[in-house]
Each structure stands twice: as structure tokens, then as C-alpha cells.
Amino acid sequence: MTRLNELRDNPGANKLRVRVGRGIGSGKGKTGGRGGKGQTARSGVAINGFEGGQMPLHMRMPKRGFNPLNPKDWNEVRIDRIQAYIDSGKLDAKGVIDAEALIAARVIRRAKDGVRLIGSAGFTAKKATFKVNYATAGATAAIEAAGGKVEVIPAKAPWKKTPYAG
């Protein structure tokens, strides 16, 4: 058992800091590892990514990454909210429930790029037919469990330039 007065760090656990500018024999004398003269030899210089006035590389590169070039703007509608509109009589469950029906019932304001159904509980309307661009697995299961049907229609394709026929 070690005593408190015998406790020591492991060998090499603590390194002494490099004392710069203490003579040429130290290997870090004279300029202290900063090179010779110029901007970086001075204190208070932060040149991370600075290229002497030229546009830096990180600003020249296109910004893409995880963001799509032309993202879709969806109307995400919860199925329990649709059920509330059906219960209040503003939305007819017997007809096809699509973007136009949701706009007419004032569930959504405008069609945007399409409608996505989300949610997994709170839907009880029987034989409701949905025509939407996307539905989560939980929303589809809840609607089909109530006896309804979900038809997924593809979203409108983005505008594409046709090649010149000449």
C-alpha cells in the first residue's frame, strides 16, 4: 500500500514546457521557432485561411455538402389533424383527400411542392382515400388499419433544360 507522501506521477506524465528564446544552444533560441521577420513573427496574428487578399479556398469552393441543390418545400400534415377536420365536417372523408381538398378545407394554405402525411396515431375515418406525394410508414399503417387507402403520387419533376436540337 502506497503512502500519501510517496504518491508520484507516472514517468513522462508531465512534460516541461519549451522555453523559447533562451540561446542558440537550446534549438529554440533567437527567433523562438517563429522563422524570420514578417507578419507571422509578430504577436496578435491570426491568418487561418488568409491568402494575401486572394479569395480563400474555402470561399471559392461551392457550398453543397448535405444540402440538396434544389430542395423541395413540402406541406407536412399530421393525420390526427386531418381527423379533426373530418370530425368537424370541414373535410369530406368519402371523397379523395389530396392537395386541392386540403386547400379547400383550409388545412393547408397552398400546394407548395406536394403533401407529406406524417404521424402514426389518431386516425379513425373509415374508407378515406389519400392522394399524396409521401406518407410515413406509421401514417400509412394507421390509415390502412382504419380501412383507408394511401396512393403515393410522384412529385412534380424539377424544371429541366432541353438540349438544343439545332
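Visitor: Which strands form the open sheet, and in what order?

Guide: Three of them, lined up as β2-β4-β6 with parallel pairing. Keep in mind that we're looking at a predicted model.

Visitor: What makes β2 and β6 the edges of that sheet?

Guide: Count partners. β2 (96-97) and β6 (149-152) each have a single partner strand, so one side of each has no neighbour in the sheet.

Visitor: How do you know that β2 is paired with β4?

Guide: Pairing takes at least two bridges between the strands. β2 and β4 (residues 129-132) are joined by two bridges, so by that rule they count as a pair, and they run parallel. For a spot to look at, find Ile-97, which stands opposite Phe-130 in β4.

Visitor: What joins β1 to β3?

Guide: Four bridges link β1 to β3 (residues 115-118), and the two run parallel. The cut-off is at least two, so this is a pair as well. Here Val-77 faces Leu-117 in β3. Strand β1 (residues 75-78) also has two faces: Asn-75 and Val-77 are on the covered one, while Glu-76 and Arg-78 are on the uncovered one.

Visitor: Which residues of helix α4 are called buried, and why?

Guide: In α4 (residues 137-145), they are Ala-139, Thr-140, Ala-142 and Ile-143. The word applies because a buried residue has under 20% relative accessible area.

Visitor: What do the buried residues of α4 pack against?

Guide: Quite a list: α2 (79-88), β3, β4, β5 (134-135) and β6. On the face turned away from the buried side, you'll find the exposed residues Ala-137 and Ala-145. Just after α4 comes Gly-147, with a positive phi of about 100°.

Visitor: What makes you say that Arg-116 lies over the face of Tyr-134?

Guide: Its distance from the ring centre is 4.1 Å. The cut-off is within 6 Å, along with an angle within 35 degrees of the ring normal.

Visitor: Which residues does UniProt list for a domain?

Guide: An unreviewed UniProt entry gives residues 76-151 as "domain: Large ribosomal subunit protein uL15/eL18". Over that stretch, the chain is 33% helix and 24% strand.

Conventions:
Residues numbered from 1 in each chain as written. Predicted model: local features only at pLDDT ≥ 70, side-chain atom pairs only at ≥ 80, totals over all residues. Heavy atoms only, no water. UniProt positions renumbered as here; feature names shortened; annotations may be inferred. Buried < 20%, exposed > 50% of the residue type's maximum accessible area, 1.4 Å probe, protein only. Contact = heavy atoms within 4.5 Å.
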